[in-house]
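These are my notebook entries on a single chain. I record here what I looked up, element by element.

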Amino acid sequence: MTVDDIPTYNLKAVVQETGLKPDTLRAWERRYGIPEPDRTSGGHRLYSQQDINTLKWLLKRQQEGLSISRAVKLWHRIIEEGQDPFETMPLVQSAEPPTTYPSIASGDALVELRQSWIDACLDFDERRAERVLGQAFAYFSPEMVCFELLQEALVEIGNKWYEGTVTVQQEHFASALALRRMDTLLSATPPPSRPERILVGCPPGDNHTFGPLLLTFLLRRRGWDVVYLGADIPLDQLQATIEQTQPDLVIFAGQLLESAAGLLDIALFLANQKIPLAYGGYIFNQVPELRSRFPGHFLGARINQLPHLVEHLLINKPVTPAYEPISQEYQAAYTYFLKQHGLLESQVWQALGSTLLLQTDISQINRYMSSNVASALKLGDMNYMKANLRWIQGLITNHDMPAASLHHYLESYYQAAQTTLTDPAGRPILAWLENVVESESPAFSEI
């Protein structure tokens, strides 16, 4: 007997999960022998997850035009042919499910509330911001407030910071209020009604927790047993957690290139342990080529569809996608760069001196550059850095720094790399840098 076969759910839970009325469930049981619930000592029905999945399968066939009697006959015929109905006709057949939670179709009430919340956050007015949220939750579903107010507001504030019209303190203030509200929503979610366990968190070095918290909330609202691990989860600690929790699915969200590099170690470990991984996040949307490196299921760009996709993974258990291993050339380049980057940064510092960049800028950019070069090497392609350089160039322009600052820095970095990365293992780095600095456009339109 598998976990799915264990009688766990009472009649009320099955009604909530399937939408069927109790009378209909009893009628199907009498007429067709489906489902086949167990009984408690007091005579009450107990259903398994397999019973629930079977009912959903029959309902799916009804939606496709079959009567219930024909759907039951089809179920039995597939089994008699030695096949699994869930594999022959999966519950979830499309990787593009319909939008689970609609955006605003009419009226501007939630849009106005979102703007009011943004204004309150930018004014550092916590009480006003909380009043706006209270009003929003009073009139709209929690999912709509999370998607259309909190998530969209954080994106807008983040864009304003990027454009130079919002300070980092304002952005952090708004994020803290949003995270606190998500913690409150999570504490109010009901106990799980499904047996599968899901782990949700951020890979090493990633502290962007709003998305994983929102996903945790959405999944718990649908009855899943979700363990939220938080930010910056190192692999060694994850190993111990997996041994203790025995999850059916692990979900990680990575926002940065460094996050993707850290997630790669986790993905390979989970694949070796035969534990399915699902992943997503900003960097995988910006650099879709990254997905080919991961033995896991990409969850797409729209978080409102993730519960549907997670259900598809847990019920249909699709085969883990094949992935492209890292070449020996890049493995050698990664190891070599880790040994040499300190010397390289020192030479960049000496070369730049007091030019277009302040010394504090040089130090920060050196750390950022080395981290991203190492991440791109670890992931197997220096071209993964393209999106990052475009982002830095935009940031420089939006914050009224000299437009040539990044180009000047990269020229100095390339010159320093030529004198410090003399081993053949450094060739992938030098080749990429040469291509970048010889681009005709100082704004890197060709990167």
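**Entry 1: a loop residue.** I began with aspartate 232, which sits in the loop between β4 and α11. Aspartate 232 has a positive phi of about 50° although it is not a glycine. I noted for context that most residues other than glycine have a negative phi, and most peptide bonds are trans. Helices (H or I, at least four residues) and strands (E, at least two) are DSSP runs, numbered from the N terminus.

**Entry 2: basis.** The model is predicted, so I kept in mind that local features need pLDDT of at least 70 and side-chain atom pairs pLDDT 80 or more, while totals for chains, interfaces and linings use all residues. Residues are numbered from 1 along each chain as its sequence is written, and side-chain values use heavy atoms, with hydrogens and water left out.

**Entry 3: a cis peptide.** I found a cis peptide bond between isoleucine 34 and proline 35, with omega about 0°. Proline 35 lies in the loop between α2 (22–32) and β1 (38–39).

**Entry 4: the sheet.** I traced an open sheet of 5 strands in the order β4-β3-β5-β6-β7, with parallel pairing. Two strands pair if DSSP finds at least two bridges between them. At the edges I recorded β4 (225–230) and β7 (297–298), each pairing on one side only. Strands β3 (residues 197–201) and β5 (residues 249–253) run parallel and are joined by 4 bridges. Glycine 201 stands opposite phenylalanine 252 in β5. Helix α14 (residues 306–316) lies across β3, β5, β6 (277–280) and β7, contact meaning heavy atoms within 4.5 Å. Helix α14 runs at about 150° to β5.

**Entry 5: a helix pair.** The axes of α11 (residues 235–245) and α12 (residues 257–272) come within 10 Å and cross at roughly 30°. That makes α11 roughly parallel to α12, the class for angles under 35 degrees. Axes are lines fitted to C-alpha atoms, for helices over the stretch in contact, and angles run from 0 to 180 degrees between N-to-C directions. I listed Leu235, Leu238, Gln239 and Ile242 in α11 as meeting Asp265, Ile266, Phe269 and Leu270 in α12.

**Entry 6: salt bridges.** I took a salt bridge as a side-chain nitrogen of Lys or Arg within 4 Å of a carboxyl oxygen of Asp or Glu. The count comes to 17 salt bridges. Glutamate 148 forms one with arginine 114, the closest N and O atoms being 4.0 Å apart. This pair links helix α8 (residues 142–163), which holds glutamate 148, to helix α6 (residues 109–122), which holds arginine 114, 34 residues apart.

Definitions and conventions:
Parallel < 35°, antiparallel > 145°, perpendicular 65-115°, else oblique.
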